[in-house]
Amino acid sequence: MNILITGGTGFIGKALLPHFNHDQVTVLTRDTTRAYQRLGHHIKVINQLIELDNLDSFDAVINLAGEPIVNKRWSEKQKQKICDSRWHITQELVNKLKAGHNPPHIFISGSAVGIYGDQKEDMFDESLQVNKDDFAHHVCQKWEDIALQAQSDQTRVCLLRTGIVLARHGGALAKMLPAYQLGLGGPIGGGGQYFPWIHLQDMVKGILFLLKHPTAKGPFNFTAPAPVTNKQFSQTLAKVLHRPHVLSTPEWLIKMGLGESACLLLDSQRALPARLEAEGFKFCFPELEHALKETLHTMK
């Protein structure tokens with residue numbers, strides 16, 4: 001296959017790329033030097049889509065680009081950066097895809113479970129329709145709407161509604177580990193909010209699965225089939241690390257420290273991967289304890 005990838009230097013992209021050893025891969029990135037350093041010189045790198053008239057030469061496009069949503073407080077400037085980094089590149093890809101006569105047969109584009117907003121204890125799958133006014137929903141909804149413009153008889157669009165991706169060297173888990181290793185970990189707020197998660201290996205495996213299954217299109221929850229509450233997640237992580245679990249972080253402190261973005265830690269999404277499983281996808285790590293043990297297996 002000939003594949004175009006955005007976000008290839010992110011931690012999901014870096015985990016995905018080694019699986020394309022027998023394919024032609026082009027990575028779109030703003031920093032070509034860093035991309036070659038991280039990914040190797042066997043991958044073609046471009047830094048602007050203007051270099052391409054259309055995307056007819058590609059069999060697939062995988063769009064993983066986006067400013068991290070959890071790294072900084074949501075100032076108006078940061079909100080705009082989060083939106084622009086998702087919406088603009090996705091619109092550019094769609095425009096280039098529609099400019100040709102023989103477009104890629106699949107367009108896989110990122111999203112997140114934040115599209116659902118706070119669903120309390122309710123269990124749900126991709127069939128849930130929501131109309132929220134919070135920022136996370138707004139970002140994801142417009143991101144998906146733009147991507148779906150590429151849907152046609154020639155191109156199927158798959159949307160990755162991703163939860164917390166478990167990896168040692170990236171994402172939320174890497175940020176949590178230092179506190180837990182010191183015995184200072186604990187639930188956030190009351191801990192009753194559901195914490196949708198997925199092992200990095202299943203994240204990658206799921207993207208490869210969608211590439212190869214021509215019936216797959218539309219939104220897919222990239223979350224493990226056994227969602228847990230934040231308290232259960234915290235207890236399991238402490239157990240796997242053989243550390244105490246006696247502290248907690250009060251909700252007011254989270255809100256004071258993070259402002260509006262505190263919703264990413266306090267909102268509850270008991271999301272199920274119904275459509276992935278209906279297509280026949282099998283998770284390698286459906287249970288949290290097994291997933292954490294494998295992720296942290298070399299850590300003492």
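Visitor: Hi! What should I know about the model before we start?
Guide: It is a predicted model, where local features need pLDDT of at least 70, side-chain atom pairs count only at pLDDT 80 or more, and totals for chains, interfaces and linings use all residues. Residues are numbered from 1 along each chain as its sequence is written, and side-chain values use heavy atoms, with hydrogens and water left out.

Visitor: Okay, salt bridges. How many are found in the whole structure?
Guide: The search finds 7. A salt bridge here is a side-chain nitrogen of Lys or Arg within 4 Å of a carboxyl oxygen of Asp or Glu.

Visitor: Which residue does lysine 255 meet in a salt bridge?
Guide: Its partner is glutamate 251, at 2.9 Å from N to O. Helices (H or I, at least four residues) and strands (E, at least two) are DSSP runs, numbered from the N terminus.

Visitor: What about glutamate 76 and lysine 79, how far apart are their closest N and O atoms?
Guide: Those atoms are 3.9 Å apart. Glutamate 76 is exposed at 62%, whereas lysine 79 counts as buried at 14%.

Visitor: New topic: which residues make the nonpolar surface patch?
Guide: Leu182, Leu184, Val246 and Leu247 make a patch of about 430 Å². Leucine 184 sits in the loop between helix 5 (171-181) and strand 9 (194-195). Patches use residues with over 30% relative accessible area and no salt bridge; like charges are joined within 9 Å, and nonpolar side chains (Val, Leu, Ile, Met, Phe, Trp, Tyr) within 5 Å. The areas come from the Shrake-Rupley method with a 1.4 Å probe, and for residues only the protein chains shown count as cover.

Visitor: And which residues form the positive one?
Guide: Lys14, Arg30, Arg34, Arg38, Lys72, Lys77 and Lys81. Helix 2 (32-39) and helix 3 (76-98) each give two or more residues to that patch. Lys and Arg count as positive and Asp and Glu as negative, while His and the chain ends are not counted. A charge is placed at NZ of Lys, CZ of Arg, CG of Asp or CD of Glu.

Visitor: Why is strand 2 called largely enclosed?
Guide: Because 4 of the 5 residues of strand 2 (residues 24-28) are buried. Strand 2 pairs with strand 1 (residues 2-6) in the parallel sense over 5 bridges; pairing takes at least two bridges found by DSSP.

Visitor: Last one: what is the phi of lysine 120?
Guide: Lysine 120 has a positive phi of about 55°, although it is not a glycine. Most residues other than glycine have a negative phi. Lysine 120 lies in the loop between strand 5 (106-112) and strand 6 (123-124), and its side chain meets aspartate 118 in a salt bridge (2.9 Å, N to O). Histidine 242 also has a positive phi of about 55°, and its place is the loop between helix 7 (230-240) and helix 8 (251-258).

Key:
Buried means under 20% relative accessible area, exposed over 50%, partly exposed in between (1.4 Å probe, protein chains only).
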